[in-house]
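Visitor: I would like to learn how to read this structure. Please take it one feature at a time.

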Amino acid sequence: MTTAEIQATSPLFRMEGVSKRYGGVRALENAKLDVEAGHIHAILGENGAGKSTLIKIMAGVVAADEGRMLLDGREITFRSPAAAAAAGIACVFQELSLIPDLSVADNIAIADPPRRFGLIDRRAQRAIAEEALARAGAEDIHPRAAVKDLPLSRRQMVEIAKALASKPRILILDEATSALTAGDVAKVFAVLKRLRSEGLALLYISHRMHEIAELADTCTVFRNGRNVASFRAGTRSSSEVVEMMIGREYSNVFPPKPQRAAIAKPPRLECRNLGWGDRLRDISLSVAEGEVVGLGGLDGQGQRDLLLALFGVLRGTTGSVLIDGAPMAIASPAVARASRSAMALIPEDRKTEGLMLPMTVRENLSFAALDHVSRGGIIDRTAEGQLIDEMVRLLAIKTAGLDVPVGALSGGNQQKVVIAKWLMRKPRIVLLNDPTRGIDVGTKQEMYQLLRRLADVGAAILFYSTDYDELIGCCDRVLVLYDGRIVRELEGRDITEHALIASALNVDSGDREGTAA
Amino acid sequence: MSEWRYWLNEQRGTLMGLAIFLLMFAVYIANHPAGLTANVAQTAANKGVLFAFVAMAQTLVVITAGIDLSVGMIFILTNCLASWIVVGEPLPTALGVVAVLMAGMVCGAINGLLVIYGRLQPIVATIATGAVYFGLALLLRPFPGGSVNEDLADALTGRLFGVIPSSLVALAAAVLLVWLPFRRSRLGRAAYAAGSSEQAAFMSGVPIRRGKFAAYTLAGLLAAMGGLFLTFFTYTGEAAYASGSGYTLWSIAAVVLGGVSLYGGRGSAVGAIFGAFAARTTGDMLFVFDVDPLWQPLLQGVVLMIAVSIGSIALLRVRNRLDWFQ
């Protein structure tokens, strides 16, 4: 878009020359952005490109060091998120901003609960919550449910409903669909398109290119804290856009898969008739060494439970687990980690299950491997240091030093630390629970290559992902789960988007009950 | 899930506190030589109410993910203050009551300011202020003594209509006039939100500071109500250090028994009241079983351990072990 055009339309919101530094790190440098009413504006960039900082400044979470913001042509400054909300800017954060112990309705109305005689009017609040949930297309969520009892995908829908309840003029969605199921994404897209037609300005941040292609009117690409390009959606090809984002050529996202014949090895991990209440039913599978097996299907069909069951977290499972062909009772994660099975689980929620955020990179890395680097209970600092250096190099973890708290790293680098932590134990079986959620393209690419390298050196890999592209690109085989059962096994060339979606909805098995999902 | 299941889920901690109390109280009454008479109920109520006020105070702070180790000392300080000024004609007495309650609120507000604006850890801030409050109590009453308006004291520790302990009515009034409005107010919700996830609360534009300040201040008010009742109950003021510390520590046990999460964000002062009565009953139980006084502290600890364990029985049924850590 030309300068003349921008001046002619006079945007709803404008940001000029905004810079922000954290210590010595420049998070944002001289950023410009024009947001127009009735448009969906996509913001693209790798993690660490400055997108999060940009949003935080717009949402009043942090203040800019330099530059100015204009709303309706008037200069504005926000001292707090509440001030930004009052000005009509609502944000759906990637790091969920919901309060776990409060109910869905409490959360939706949290910014300004309806009051009668000075006290919160719970009936009015309930009505607001129901309306907001309906607007977001999430009527299935009960307003009285506690947020902490909801799965991640439902919480994300609540987050969207909460933003809508504040009746914003500008709605910012930061990776808002990263945990959503395909069905929810479709609903959210319909909502966003309706909001656009109602004249809202939407700022949409996502790593998923096809989402941006479907939604965006305008795109702005950020790299290293600067906006490198703004253009009308559809005027650049995906690979051109990705090249702008990473600043280098984008090819071979997924490493090549080996020939099937090459991996006809005996199974390393096997389970037979595994069951857990009504969440897992009669699951039998095997993963050979050197093989990457994907778990597909809609979110919440038992994939996560299956990984937890194999890792010894769940109690009361039925059926049997075999390691290298011999039965093994995995009673706890400690047993799963032990040398015979040498299992590692890369969790989905790195903040609570994978890392101790206030502790340093070094401490986090060495926890899982302390017994590998200690003699007689004393930690051998030299051996520890060597192992850690090796991992930081192998995974290209970007950190200012090993003694920096993990919480200070970007999301992609945090996830690398989680993975490094487990790789230090030299696992023979690796379970991954949607490990690339909310991670930028560059890091994802590194992660795919790492997975394949691990498999090549003999690990058996079981990989759950909500991203169909990943399953197609990374896996030798994919098992599709539906309602706690394996409903389909896809192999080699049969792993296509169409086959994955069809079997995830359980529509091609002849019976029609699955279509209700 | 239907509506009542959600309600049950919300009230689980409180109901567990009630169940533990009823169980212990039933054992106590069954073994009491006199059974459940109005007199026995009145005595149990009066002793329990002191605890209940302090536990309610503790609840407010614990909800914000803090802890108030000065709560027992505010209780003692207001007792000493009341033994000076809640005396004489009805009007001076009433003014005295108001002044005592205000003093409690000021103590709580100081705690709040230190924690919120001084950014001190609640545990350290309140150890320090607790020592100060006790020091003030000692200056007010170097020796036990003083007096209180006995008409008022007798009215509030006696019985209504011959059966209902009036201290329970006063406690119910505190629930209705302090706790419920707090819980239903925007500030109360801010206190819960701050305790549950301060970061998310900040992102959501919740008035975190005001919510926490209200919680600490009202905690001081409730502790002062307890201090008043201690005065009505004993007719004197006494700067008893052991008593203050004991109330502080037992108030923490009481909130846990009542289903209030020490991690913040979850629980109700009503649950803490049941927890306080249950904790109180552990002491009385030893009396009806005629236990050698030498054994009492040990056995009281054992009973408390059992009671707290009942509350965590639900964890045995957890089938996904990650739920243990929530």
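Guide: Begin with burial in chain A, where 48% of the 517 residues count as buried. A residue is buried if 20 or more other C-beta atoms lie within 10 Å of its own, exposed if 12 or fewer, and partly exposed in between, with C-beta atoms placed from the backbone. This is a predicted model, in which local features need pLDDT of at least 70 and side-chain atom pairs count only at pLDDT 80 or more, while totals for chains, interfaces and linings use all residues. Residues are numbered from 1 along each chain as its sequence is written, and chains are lettered from A and ligands numbered from 1 in the order in which they are written.

Visitor: How many helices and strands are there in chain A?

Guide: Helices (H or I, at least four residues) and strands (E, at least two) are DSSP runs, numbered from the N terminus. Chain A has 18 helices and 24 strands.

Visitor: Where is A:Pro143 found, and is A:Pro143 buried or exposed?

Guide: A:Pro143 is in the loop between helix H5 (122–135) and helix H6 (152–165) of chain A. A:Pro143 counts as buried because 23 other C-beta atoms lie within 10 Å.

Visitor: Which residues does A:Pro143 touch, not counting residues up to four places away in sequence?

Guide: Two residues are in contact if their C-beta atoms, placed from the backbone, lie within 7 Å. On that rule A:Pro143 touches A:Ser103, A:Val104, A:Ala105, A:Arg126, A:Ala129, A:Glu130 and A:Leu133. In chain A, 69% of the contacts with a separation of 6 or more are between residues 24 or more positions apart.

Visitor: Which value does phi of A:Asn30 take?

Guide: Phi of A:Asn30 is near 50°, a positive value in a residue other than glycine. A:Asn30 lies in strand E2 (residues 25–35) of chain A and is partly exposed, with 14 C-beta neighbours inside 10 Å. A:Asp483, also not a glycine, has a positive phi near 55°. A:Asp483 sits in the loop between strand E23 (477–482) and strand E24 (485–491) of chain A. A:Asp483 is partly exposed, with 18 other C-beta atoms within 10 Å.

Visitor: What should I look for in H1(B)?

Guide: The expected span of a helix is 1.5 Å times one less than its number of residues. H1(B) has 29 residues and reaches 40 Å from its first C-alpha to its last, close to the 42 Å expected. The bend at a residue is the angle between axes fitted to the seven residues ending there and the seven starting there. H1(B) bends by about 65° at B:Gln11. The buried residues of H1(B) include B:Met24, B:Phe25 and B:Tyr28.

Visitor: Which residues is B:Met285 in contact with, leaving aside its neighbours within four places in sequence?

Guide: B:Met285 is in contact with B:Met24, B:Val27, B:Tyr28 and B:Val303. B:Met285 is found in helix H12 (residues 269–288) of chain B and is partly exposed, with 19 other C-beta atoms within 10 Å.

Visitor: At what angle do H4(B) and H5(B) pack?

Guide: Two packed helices are described by the angle between their axes and the distance between the axes. Axes are lines fitted to C-alpha atoms, for helices over the stretch in contact, and angles run from 0 to 180 degrees between N-to-C directions. Helix H4 (residues 90–116) and helix H5 (residues 122–140) of chain B pack at about 145°, with their axes 9 Å apart. Among the residues that make the contact are B:Cys107 and B:Ile110 of H4(B) and B:Pro122 and B:Ala125 of H5(B). The residues of this contact divide into 7 nonpolar, 3 polar and no charged.

Note on methods. Ala, Val, Leu, Ile, Met, Phe, Trp, Tyr, Cys and Pro count as nonpolar, Asp, Glu, Lys and Arg as charged, and the others, Gly among them, as polar.
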